[in-house]
Amino acid sequence: MTEAAAPSPADVARAMLTFDPTTPEYRANPHAAYRQARELGAVVRSPLGLWVVTHYDECASVLRNAAFGWGDSAPDEDTTTTTRFTTNPDGTQVRPFIFLDPPDHTRLRKLVNKAFTPARVRTLLEQTESLVADLLAKARAEAGDGPIDLMSTIARPVPALVLGTLLGVADEDVARFQSLCADIGRGLDLAVFLTPEQIARRDSGRHELIAYFGELAEKRRVEPRADLVSELVSVEEAGDKLTMAELCVTCTLLLSAGYVTTENLIGNGMLALLRNPEQLDWLRANPDRLDDAIEELLRYDGPTQLVGRVALEDTELGGQPIAKGETVLLMLGAANHDPAAYENADELDLSRSGRRNLGFGGGIHFCIGAPLARMVTNVVVGELVKHDLRLVPDAVRAGESITIRGVAELPVTVRDR
Ligand code: HEM
């Protein structure tokens with residue numbers, strides 16, 4: 001008798017998600033796969049037992065429903081991200097608040113919330129504007145008549161440097177963090193899609209960042225500055241609201257959650273504009289609608305394709321019974337193109353208004369960095385579209401991550417208009 005061949009990652013993917021996100025076709029355009037997945041139903045139990053949620057209403061309802069969260073248990077390593085993100089170098093388990101339920105989630109989120117209010121974010125506006133102008137001028141000078149890669153010259157450094165300022169990370173350390181955050185971001189994918197090396201890099205990246213923030217906090221304890229780490233140190237000193245381990249894990253979360261996502265909203269958004277020249281022209285003619293345009297770019301091709309949750313009690317979703325402890329995967333990318341929620345959902349329409357898209361999530365875990373991400377993307381896109389932009393044909397390289405969808409290289413010629 002011959003032994004059955006081990007299932008391929010593509011087979012496991014289909015059994016887990018009902019579709020295979022590892023193909024070049026999916027990377028180029030996930031929406032054919034999402035359409036088929038939506039047609040299977042709003043809430044579908046995949047053969048491996050995950051609940052896959054692809055319709056807008058059901059995704060939005062899970063995000064706002066206290067019956068779903070993260071729980072105390074450490075769910076299956078292969079299907080969720082919690083276990084992999086909870087063990088610190090010293091073996092203690094301190095989860096970042098993105099993976100916590102109330103009341104710990106509420107306590108920690110509240111401590112950092114004021115650093116991300118629109119008013120606070122406005123204080124970073126001028127710095128962001130001059131950073132974008134400088135980096136663009138430098139990239140153009142270096143490229144001469146040739147194209148520049150928008151990802152490495154603008155989309156990556158700008159969010160990294162702005163986040164660094166907010167937290168208190170020195171500019172000279174930012175390049176190192178970009179690569180650690182990229183490793184952590186890649187590690188958000190389900191384990192079946194990762195190599196052992198990628199898993200090891202994700203874990204060591206996280207440990208390195210946690211250690212860095214520990215050292216930075218000690219420096220700020222002696223000599224505070226106007227940054228978030230200094231503020232958190234004073235909270236930690238003041239009493240029982242924040243432990244040192246929580247401080248380090250929280251800062252690591254902010255840097256890693258904020259960097260790769262903003263980078264890819266800029267990249268995906270610029271690619272969408274370049275591929276839809278009539279929309280680019282519309283934006284140039286309607287610069288006062290830039291905020292709406294950024295929301296539509298987030299809906300149309302946002303970075304965060306999926307988030308997970310665990311049922312905290314026996315419950316029901318879209319007519320399906322969900323048992324306590326079962327995992328649901330919310331396919332935000334599919335929900336944002338649900339034809340029941342949006343007219344001509346697969347089309348980019350920068351003049352669109354109406355329902356808020358799920359690109360920043362919803363409910364108690366709604367992206368805390370949304371005002372910052374919007375401001376940074378707004379400045380970058382607003383500046384770039386003032387120029388004559390030409391995409392180099394066939395040179396765009398897709399990113400590899402499934403959870404965080406993005407472009408690895410985006411070569412564009414940039415001239416004055
Ligand atoms: C375009 C850029 C961004 C996108 C698309 C994005 C997307 C998201 C999404 C979908 C969630 C919800 C996760 C869930 O429900 O499980 C989330 C949460 C979060 N985001 Fe963002 N994000 C972006 C930028 C940022 C920035 C700039 C920061 C911080 C500096 C940040 C920090 C966070 C944190 C800390 C959470 C967890 C919030 C909580 O659990 O209460 N994000 N983000």
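Student: Where does Cys367 lie?
Tutor: Helices and strands are runs from DSSP, numbered from the N terminus; a helix (H or I) has at least four residues and a strand (E) at least two. Cys367 is found in the loop between α16 (332–335) and α17 (370–384).

Student: What kind of model is this?
Tutor: The model is predicted, so local features need pLDDT of at least 70 and side-chain atom pairs count only at pLDDT 80 or more, while totals for chains, interfaces and linings use all residues. Residues are numbered from 1 along each chain as its sequence is written, and side-chain values use heavy atoms, with hydrogens and water left out.

Student: Which protein atom is a donor of the iron atom of the ligand?
Tutor: A donor is an N, O or S atom within 2.8 Å of the metal (3.2 Å for Na, K and Ca); water is not among the atoms, so a site may look incomplete. Here the only protein donor of the iron atom is SG of Cys367, at 2.3 Å.

Student: Which residues come nearest to the ligand?
Tutor: A residue is near a molecule or strand if one of its heavy atoms lies within 4 Å of it. The ligand has 28 residues around it, and the nearest are His105, Arg109, Arg309, His365 and Cys367.

Student: How do the residues of that shell divide into nonpolar, polar and charged?
Tutor: Ala, Val, Leu, Ile, Met, Phe, Trp, Tyr, Cys and Pro count as nonpolar, Asp, Glu, Lys and Arg as charged, and the others, Gly among them, as polar. In this shell 17 are nonpolar, 9 polar and 2 charged.

Student: Which element gives the most to the shell?
Tutor: That is α13, with 7 residues. At least two shell residues come from each of α5 (104–113), α13 (244–275) and β5 (306–311).

Student: What should I look for in the backbone angles?
Tutor: Most residues other than glycine have a negative phi, and most peptide bonds are trans. In this model Pro102 and Pro103 are joined by a cis peptide bond, with omega about 5°. Pro103 sits in the loop between β3 (68–69) and α5. Thr18 is not a glycine, yet its phi is positive, about 80°; its place is the loop between α1 (9–17) and α2 (24–28). Asn344 also has a positive phi, near 45°, and belongs to the loop between α16 and α17.

Student: Is Asn344 buried, partly exposed or exposed?
Tutor: Buried means under 20% relative accessible area, exposed over 50%, and partly exposed in between (1.4 Å probe, protein chains only). Asn344 is partly exposed because its relative accessible area is 49%. Thr18, at 24%, is partly exposed as well.

Student: What is the order of the strands in the open sheet?
Tutor: Two strands pair if DSSP finds at least two bridges between them. The open sheet has 5 strands in the order β1-β2-β8-β5-β3, with mixed pairing. β1 (43–45) and β3 are the edge strands, each pairing on one side only. Strands β2 (51–53) and β8 (327–331) pair in the parallel sense over 3 bridges, and Trp51 has Val328 in β8 as its bridge partner.
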